Amino acid sequence: MSAAAAILIAMAIDTVMGWPDALYRRIGHPVTWIGALIGALERHLNQGGARRMKGVVAALIAVVVPVALSLAVVALLPGGWVGTVIAGILAWPLVALRSMHQHVVAVANPLAKGDLPAARHAVSMIVGRDPNRLDEAGVARAAVESLAENSSDGIVAPIFWGVVAGLPGIVAYKAINTLDSMIGHRTERYEHFGWASARIDDLVNLIPARLTGGLFALVSGHARRALRVVLADARHHRSPNAGWPEAAMAGALWIRLSGPRVYERGVSDEPWVNAAAPDPTPADLVRALRLYRHAMAVLAGMVAILAVTGW
């Protein structure tokens with residue numbers, strides 16, 4: 001069974017149809033199933049003393065349980081192309097190529113028409129900052145940043161780990177990433193309990209984040225400029241990984257990203273990425289979507305080559 005071929009099949013299905021709303025209403029989504037497990041663990045364990053150790057236990061359970069189930073499923077699959085196709089169908093909901101594009105298009109379309117309230121509402125679906133405090137440039141910047149960062153941890157990373165370790169690899173990654181998104185926050189409630197989840201997520205995203213930045217630079221037509229910004233600013237980002245795709249995107253489009261952000265809990269004074277460039281415009285958000293499509297096409301080509309070579 002070819003792991004790369006299975007992931008390529010998953011990418012093709014997702015590109016064509018995404019995860020249909022009717023299917024979501026009927027059975028939910030694998031990530032919501034994992035999220036339910038994490039939520040139950042958090043409610044039962046995130047209390048009293050030794051919260052860091054309890055968080056380690058929660059992270060282990062949240063990863064081991066779905067991975068064990070995926071290993072059992074793989075053991076039951078037939079060999080050859082039949083098994084590969086079934087594995088691709090099973091991996092399909094864990095690849096978010098189409099939904100990522102749709103979420104950002106939902107911001108780009110009203111922003112291009114000058115409908116700032118609608119654009120603010122759409123961007124509030126993909127970022128945590130206060131949308132009512134965002135002007136046109138702020139909405140565009142938030143959407144571009146989300147597109148860059150989520151291209152890495154929502155698409156490139158699961159595809160990478162799926163190619164490396166098949167269905168168990170992509171399942172393990174999605175469990176880790178869901179842990180980070182739910183409890184890996186530096187808040188009073190999760191500072192200790194979510195410590196392990198955040199560190200593990202940082203580790204498994206090291207290679208994919210750099211690969212994503214490289215893809216953006218490669219397809220941009222301004223590779224040297226993009227890489228200069230990456231080398232200058234990626235390490236200053238609050239995340240050890242998100243700075244790579246964001247800096248590559250900023251350099252490729254010649255816009256500035258990051259900077260101070262307003263959340264409900266207060267202002268986060270982040271350094272600028274590519275500070276010498278202008279703020280993004282609605283047209284830059286459209287350009288970012290085009291860059292995303294080209295980068296994902298190259299990624300698909302890379303996976304196809306691995307599939308042909310029997311990886």
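Biologist: At what angle do α8 and α10 pack, and how far apart are their axes?

Modeller: The angle between α8 and α10 is about 115°, with the axes 8 Å apart. Axes here are lines fitted to C-alpha atoms, for helices over the stretch in contact, and angles run from 0 to 180 degrees between N-to-C directions. Helices are DSSP runs of H or I with at least four residues, strands are E runs of at least two, and both are numbered from the N terminus. Before we go on: this is a predicted model, so local features need pLDDT of at least 70 and side-chain atom pairs count only at pLDDT 80 or more, while totals for chains, interfaces and linings use all residues. Residues are numbered from 1 along each chain as its sequence is written, and side-chain values use heavy atoms, with hydrogens and water left out.

Biologist: Which residues make the contact between α8 and α10?

Modeller: From α8 you have A148, S151, S152, V156, A157, F160 and W161. Helix α10 brings I207, P208, A209, L211, T212, L215 and F216. Contact just means heavy atoms within 4.5 Å. By class that gives 11 nonpolar, 3 polar and no charged residues; Ala, Val, Leu, Ile, Met, Phe, Trp, Tyr, Cys and Pro count as nonpolar, Asp, Glu, Lys and Arg as charged, and the others, Gly among them, as polar.

Biologist: And what handedness does the crossing of α8 and α10 have?

Modeller: Right-handed. The convention looks at how the near helix is turned from the far one by less than a right angle: anticlockwise is left-handed, clockwise right-handed.

Biologist: Why is α10 called roughly perpendicular to α13?

Modeller: Helix α10 (residues 206-220) and helix α13 (residues 282-308) pack at about 110°, with their axes 9 Å apart. Angles of 65 to 115 degrees count as roughly perpendicular, under 35 as roughly parallel, over 145 as roughly antiparallel and the rest as oblique. So α10 ends up roughly perpendicular to α13. The crossing of α10 and α13 is right-handed, and their contact has 11 nonpolar, 2 polar and no charged residues.

Biologist: What makes α1 roughly perpendicular to α8?

Modeller: Helix α1 (residues 3-17) packs against α8 at about 95°, with the axes 8 Å apart. That angle is why α1 gets the label roughly perpendicular to α8. A3, A4, I7 and M11 of α1 meet I159, G162, V163, G166 and I170 of α8.

Biologist: Which residues have the most contacts inside the largest nonpolar core?

Modeller: V123, I159 and M249, in a core of 80 residues. The largest share, 21 residues, comes from helix α8 (residues 136-183). A nonpolar core is a set of buried Ala, Val, Leu, Ile, Met, Phe, Trp, Tyr and Cys residues joined through side-chain atoms within 4.5 Å. Leaving aside neighbours within four places in sequence, V123 touches V107, L134, V139, A142 and A143.

Biologist: How do you know that L111 counts as buried?

Modeller: Buried means under 20% relative accessible area, exposed over 50%, and partly exposed in between (1.4 Å probe, protein chains only). L111 sits at 2%, so it counts as buried. L111 lies in helix α6, and its contacts beyond four places in sequence include E136, P282 and L285.

Biologist: Is V105 buried or partly exposed, then?

Modeller: Partly exposed, because its relative accessible area is 22%. V105 is in α6 (residues 97-112). Leaving aside neighbours within four places, V105 is in contact with P110 and L289.

Biologist: What is the phi of A50?

Modeller: About 55°, positive although A50 is not a glycine. Most residues other than glycine have a negative phi. A50 lies in the loop between α3 (30-45) and α4 (51-76). With a relative accessible area of 56%, A50 is exposed.

Biologist: And S258: buried or exposed?

Modeller: Buried, because its relative accessibility is 3%. S258 also has a positive phi, about 60°, and is not a glycine. S258 lies in strand β1 (residues 257-258).
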